[in-house]
Amino acid sequence: MQKAGACMSGESGPAASFPEPVLRLFGAKAINDLMAAPGFPAAVEAAAANAVRLYDGSWIRNRLLNDRGRLLAVLLILDLHFTESGGRGVTGARLRREVVELDVCSAGRATAFLAALRFKRLLADCPVSGPKERRLMPTAALLQTHRERWNGMFAAIAHVDAPAAEAARALPDELLFGPCTHAMAACFRQGLRVFAAAPELQDLAERDAGLVMLVSLIARDGPVSVSQLARQFHISRAHATNVLQRAEARGLACSAPGLSGYRASPALQPVLARFYAVIFLTFLTALREGRPSGG
């Protein structure tokens, strides 16, 4: 696992703790300017609250892919459908190649994930499918979910870049699901990994509700019980305890014995700041590169 400090030499400010792939994609100045913005802490809190609100507690989909894997797989499905095939759907074989190349998941899990999306009516058979090749296309429900996530993230980004947030919310479907989604997917194809600047979170994110449960701690004024977290995120109390104990061992959470619960540690905020800085810059890059010149 790459250390957050393994970055280009000579950088200063917050960018000094970011790894080379992130610096190469976004530049040290963009990172430093973003994290120095007066509204950046509020943007992180808003993004965390949005992640909790949008959390999908589906037991079936959680068995197939973790939170990060699901989001990236859906992003790739949208890009392959709207940009690569020009709206003619995506085949299972094409998605499997893509997710394996980007180390999202195995080919078998990708196949099962596609079946789960079809079962939930988030994907449907494309009318241009042939007898030997099934092509799948996103349904209106999946597109709405993608737009809701996009708008929720830009509502957070509004704290640091209000004009960009306003422009993002006004995007027509053909730009959001086409060029903007393609630009975002291109960041991952160029080597971006969401945990590159916050490797402390990666192991926790591989566990059901691990990341969103940890993120939810910064939105609370005090400790929260394990039982309450388990109910909120549709997991067992034992699983919630295990995840939070791991977070405590990494210095990201503190136990509250009298409550049988946990609260955020002082170390959690800067880790999440690096994590969300990468996400914000990815969304801003997608908006900038996906809009027509002068748009």
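We begin with two strands that run antiparallel: E2 and strand E3 (residues 135-138) are joined by 3 bridges. Within this pairing, Ala124 has Met137 in E3 as its bridge partner. Strands pair if DSSP finds at least two bridges between them, and the elements named here are DSSP runs numbered from the N terminus, with at least four residues for helices (H or I) and at least two for strands (E). In general, the strands of a sheet pair through backbone hydrogen bonds, either parallel or antiparallel.

The open sheet has 3 strands in the order E1-E3-E2, with antiparallel pairing. Strand E1 (90-91) and strand E2 (123-125) are at the edges with a single partner strand each, so one side of each has no neighbour in the sheet.

## How to read the model

This is a predicted model, in which local features need pLDDT of at least 70 and side-chain atom pairs count only at pLDDT 80 or more, while totals for chains, interfaces and linings use all residues. Residues are numbered from 1 along each chain as its sequence is written, and side-chain values use heavy atoms, leaving out hydrogens and water.

## Salt bridges

The model has 16 salt bridges, each being a side-chain nitrogen of Lys or Arg within 4 Å of a carboxyl oxygen of Asp or Glu. One of them links Arg94 with Glu84, whose closest N and O atoms are 2.8 Å apart. Arg94 belongs to helix H6 (residues 92-101) and Glu84 to helix H5 (residues 67-84), so this pair ties together parts 10 residues apart in sequence. Arg94 counts as buried at 18% relative accessibility, whereas Glu84 is partly exposed at 47%. (Buried means under 20% relative accessible area, exposed over 50%, and partly exposed in between, with a 1.4 Å probe and protein chains only.)

Another salt bridge joins the side chains of Asp203 and Arg250, at 2.9 Å from N to O. Here Asp203 sits in helix H11 (residues 202-205) and Arg250 in the loop between helix H14 (237-249) and strand E5 (253-256), so the pair ties together parts 47 residues apart in sequence. Asp203 is partly exposed at 25%, and Arg250 is partly exposed at 37%. Salt bridges with shared partners also join Asp79, Glu84, Arg94, Glu98 and Arg189 into one network.

## The nonpolar core

How many residues make up the largest nonpolar core? It has 102 residues, and those with the most contacts inside it are Trp150, Phe154, Leu201, Phe275, Tyr276 and Phe280. Helix H15 (residues 268-290) provides the largest share of this core, 15 residues. Such a core is a set of buried Ala, Val, Leu, Ile, Met, Phe, Trp, Tyr and Cys residues joined through side-chain atoms within 4.5 Å.

Leaving aside residues up to four places away in sequence, Leu201 touches Phe195, Leu211, Leu214, Leu252, Val271, Leu272 and Phe275. Contact here means heavy atoms within 4.5 Å.

The buried residues of H14 are Ala240, Thr241, Val243, Leu244 and Ala247. They cover an arc of only 165 degrees around the axis, which puts them on the same side of H14; the arc is that of the directions from the helix axis to the C-beta atoms. On the other side of H14, Ala238 and Ala249 are exposed.

The cover over the buried residues of H14 includes H11, helix H12 (210-217), helix H13 (226-232), E5 and strand E6 (261-264). Just after H14, Gly251 has a positive phi of about 80 degrees.
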